[in-house]
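My plan is to go from the overall picture down to single side chains.

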Amino acid sequence: MTEKELSKGESVDSGLVVAKEVFPKELTIIPLIQRPVFPGLLIPFTFSGDFYLQLIEDAENTDEKLLGAVFLRKTAEGDLDDTDLYDVGTVLKIYKVIPIDENSVQIIAQGMKRFRKVKQTADDPYLVWRVDYIEEVEPVVTPEIKAYLLEIMNGIKALLNVNPIVQQQIKMLFTQTSYEKPSMFLDMVSNILQSETYEMQELLESIDIIERAKKLLILIRKEIEVGKIQQEIEKQIEEKMSKQQREFFLREQLKVIKKELGMEVDESQVEIEKLEARIKKLKLSEEVKTVISQEMEKLRIMQPGGPEYTVTQNYLNQLTELPWGIYTKDNLDISRARKILDEDHFGLQDVKKIILEYISTIIKSGNLSGTILCFVGPPGVGKTSIGKSISHSLNRKFFRFSLGGMRDEAEIKGHRRTYIGALPGKIIESLKRSGSSNPVIMLDEIDKLGKSFQGDPASALLEVLDPEQNKDFLDHYLDVRYDLSKVLFVTTANQLDTIPTPLLDRMEIVSLPGYVMREKKEIAKRYLIPRHRKEHGLKASEVQITDKGLEKIIEDYSRDAGVRYLEQQIKKIMRQVTLRMAEGKGDSFSITIKNVQEYLGKPLFSEEHLYKRQIPGVVLGLAWTPYGGSTLYVEASSYIRPGGGFKQTGQLGNVMRESTEIAYSYVRSLVCDDPKVCKFYDENLIHLHVPAGATPKDGPSAGSTMALALYSLVHNKPVKKGFAMTGELTLTGKVLPIGGLREKTIAAKRVGIKELIFPKENEGDFNELPDYIKEGIEAHFVDYFKDILKIAFPAD
C-alpha cells in the first residue's frame, strides 16, 4: 500500500488502517440511453453495439473496473459529443459481464458515488472526463427527515398495491436499507422508480436530503396515480373477459345438459338436413345435381366454424334457394288480360295490342320464348307500371331493378367465389326473390348503363337478352347453367341513342308517346285524384276538382309528356286542402278554373308565343323532345353587305346546321332564275335564327321549315297564317319523313294550330293516330318543297 493510499485510510481502535474505496480523478464515460442510475443497488444493464462492447471489455480489464455512467440529454447520431450528456453522473463498478450474442452483452454493476464533470480530457477512443466526486455524509436523522422517510415508505407500500411488478425490488429494498442511512435509502428507492427520465436526473442532481426527499415523494405519488389508472383499465378488461368466459362455460354446460336429455343435435347436421329437404323439392338438371352432391360431401367432412365451411354453406344455400323447375301458371284468358290492362291504364291502345298479341301466342304455342320488350318514351308515361300490368295480366311474379349508372358487369353476372363477399348477379337474385323461373323481370333505365374499368354491363346483358343464349345462362358465382328462356324480360328507356346497337337488336321496341289533354284528364279523374285523395285521408265530398279546373292544371302547370308533373300538382292541392281543414277554414273545397292559382301559385307555363301578324321570313315549325312535342319559330332576316353571306344562331347542333346549309343552297338555286331575286343574295347577308338562344337544338326534321323561311324572306312575302310544318329537305327539294308525328301534332293542337304540313311518307303514321287527336286538324302531305309553296302562298 502506497503512502498516498494510506493517507486515505481511517484509524480504528486496534490501530490498524482500513482502506476506503479509492476513485480515480479521471473516468471513462459510458452514456446511458434509457435512464440515469443511482448509487446503491446491484443492477443488470444490457448494452448493444461495437462501441459499448469494446468499452465494457476495456473497463473490465482494468484493476478498478470503474466507469462513469452519465445519462444522455438526447439520442445522438454518430460520434458522441460531450454536449449531449448531463454533467452529473454515477460511478459504476462492474462485477460481472455476461455475453448475450455477438452484438449484445449484459453486465451486473453497482452505482457507487455521484460525480460532477470538471472538464473533458479525451474523446478518442472513448470519452474521458476529469471529475469531482460529490461527498455525501449521512446526516443525523432529525424528526423532519424521519417524517419524510416514513411518508416515502408508506408511498412505497401503496405503490406495491397498485404495481405488483416492483414487489421483489421493494422487498430487497427493505432488507438492505434502514432509516439510519437516509441518503442511501433515498437512492435505493429512486433506483426502482419508473418515472420520466428528466425527473430522475433532477433527483440524481439533488444533494440536499430534504430537497431530494420532497422530489422523490412527488414522483412516488405520480406512479401511484398511474398504477391506479392501470388497475382500472385491467379491471374493465378482466370484467369483459370474465363475462365472455362465463357465457362460454354456460353455453357449454347447456349443450351437455341438452345432450343428456336428448334435446341437443349437431348444428352442422341440422344444416345438412335442411339442405337435403330443400333439394328434394327441386327439379334439378344433372349438372346441378352433380355440383350439389360434391359440395354436400365437402360440407359433411368440414369442421363447422371454419372459413371454408362458411363459403361452402353459403354456396349451397344460394343454389338450393333458387326456384329450379318452379313455374307459375300463366293466365290464358285473353278477355281477363284485356280487362286488367284497361283497368290499370287509360289509352295506350297500341301497347295493349302488342301485349295481348304475346298472350295469344302463349295460348297457341304454350311458351313465350325469345321475347324481350323495350318500352321507350318520356318520363311519366307509365313504362314501369305497364311492366307491372303485364305480370298481373299473365299471372306471373314481377321483379324490377334499375340499370341506371351500373358500371360493373358483376352486377349482372355475379362475382366469382374466389372473392370475399362474393354474391350472384341481379338476374339470379331476381329469380330467387320472385320464387319463380318464369317471372316478368323489368330492367329499368337501360339507356343509362355505365361503363368503367370494372367491365361493361351492356356486354354482359347480351347473353341475358339473347334468346339463343339465355337458356344456358351462366352466373359467375353459381358456375352452373340456369334456363332464362321462360323469363319475360321488359326493359325501359327514355331514348334509344345511348343503347348499344348489339343490345338494341335483341329487343322489340314499343314506343309510349306523350299524353294529350284528353288522356291526361281521364288519367287524373280515374287514377290520380282518387288515389291521392285516399292517401291524404280525404273523402270525395271534401275535395272536388272540376273539369275546367283540371284542364287549367294540365295546361298551365303540367305540360310534360307524361303525368308526373300533373300528379305532383294534385298532391299539392290535397296538402293545401288538409291544411285549410286543419285551420278550420272549411269542410268542403272545390277547385275550379278561377281558384286554381290560389292552390298552386303562379302558372309554371305561359301560352306559347305566336306572332299576331305574319312577317316575311318567319315560319312556325314543329319539334320533338324527350319530354314531348313543341312548337318553335324559324326566323330569317337580312342586311346589306356587299358579297352577301349566311350565318346561323340559336345553339344549333351539327345536324341542324347542315339542314340550314342545305336549305340556303336549295332556295338560292330555286330563285336564281329571277336575276332580281338572285341579286339579293349577292348584296345581303342572310341571318337564320331559331329561338330560344339558350336552349340547345338538334335533329333532322327542320330543313323544309328553314327553306320556307328563307324563301319568304327573299321574296319579302309572309306565309299564310295559322299553319305549322315539319320535314327534312334534300338538295333536290325532296321532303323526307320525320319521327315523333304524334307528339308534334299534340303540340300544334295545344297552341290552336289547325293546319299542318307533313312529309308524304308520314301519311300512314297520321292516319293511325286516334281520332280524338286528329279531330279538327287539316293535314297536308307533301313530296317536294314546291308543294309546300302552294300551301304557304295560296294567292300565287
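I count a contact when heavy atoms lie within 4.5 Å. With that in hand, I looked up how far apart the partners are: residues 24 or more positions apart account for 72% of the contacts in the protein with a separation of 6 or more.

A note on what I'm reading: this is a predicted model, where local features need pLDDT of at least 70, side-chain atom pairs count only at pLDDT 80 or more, and totals for chains, interfaces and linings use all residues. Residues are numbered from 1 along each chain as its sequence is written, and side-chain values use heavy atoms, with hydrogens and water left out.

**Overview**

I looked up the secondary structure and got 28 helices and 26 strands. These are DSSP runs numbered from the N terminus (helices are H or I, at least four residues; strands are E, at least two). Next came burial: 45% of the 796 residues count as buried. My cut-offs are under 20% relative accessible area for buried, over 50% for exposed, and partly exposed in between (1.4 Å probe, protein chains only).

**Surface**

The protein exposes about 42400 Å², and carbon and sulfur atoms supply 51% of that. The areas come from the Shrake-Rupley method with a 1.4 Å probe; for residues, only the protein chains shown count as cover. I also found a nonpolar patch of about 380 Å², made by Ile229, Ile233, Ile237 and Met241. Patch residues have over 30% relative accessible area and no salt bridge; like charges are joined within 9 Å, nonpolar side chains (Val, Leu, Ile, Met, Phe, Trp, Tyr) within 5 Å. Ile233 sits in helix H7 (residues 209-260) and is partly exposed at 44%.

**Salt bridges**

Side chains of opposite charge can pair when their charged atoms come close. I searched the whole structure and got 34 salt bridges, each a side-chain nitrogen of Lys or Arg within 4 Å of a carboxyl oxygen of Asp or Glu.

I picked Asp342 and Lys352, which meet at 3.0 Å, N to O. Asp342 is in helix H11 (residues 334-344) and Lys352 in helix H12 (residues 349-365), so the pair ties together parts 10 residues apart in sequence. Asp342 is partly exposed at 35%, while Lys352 is buried at 5%.

Glu429 and Arg433 also bridge at 3.0 Å, N to O. They are 4 residues apart in helix H15 (residues 426-434), about one helical turn. Arg433 is exposed, at 60%.

**Aromatic rings**

I describe a pair of aromatic rings by the distance of the centres and the angle of the planes. There are 18 aromatic pairs here. Rings of Phe, Tyr and Trp (its six-membered ring) pair if their centres lie within 6.5 Å; planes under 30 degrees apart are stacked, over 60 edge-to-face, the rest tilted.

Phe399 and Phe401 make a tilted pair, 6.3 Å centre to centre with 55° between the planes. Phe399 is buried at 14%, and Phe401 is buried at 5%.

Phe646 and Tyr664 are stacked, at 4.4 Å and 25°. This pair links distant parts of the chain, with Phe646 in strand S20 (residues 645-649) and Tyr664 in helix H22 (residues 654-671), 18 residues apart.

**Charges over rings**

What lies over the face of Tyr599? I found Arg580 there, 4.2 Å from the ring centre. The rule asks for NZ of Lys or CZ of Arg within 6 Å of the ring centre and within 35 degrees of the ring normal. The charged end of Lys734 sits over the ring of Tyr784, 5.3 Å from its centre.
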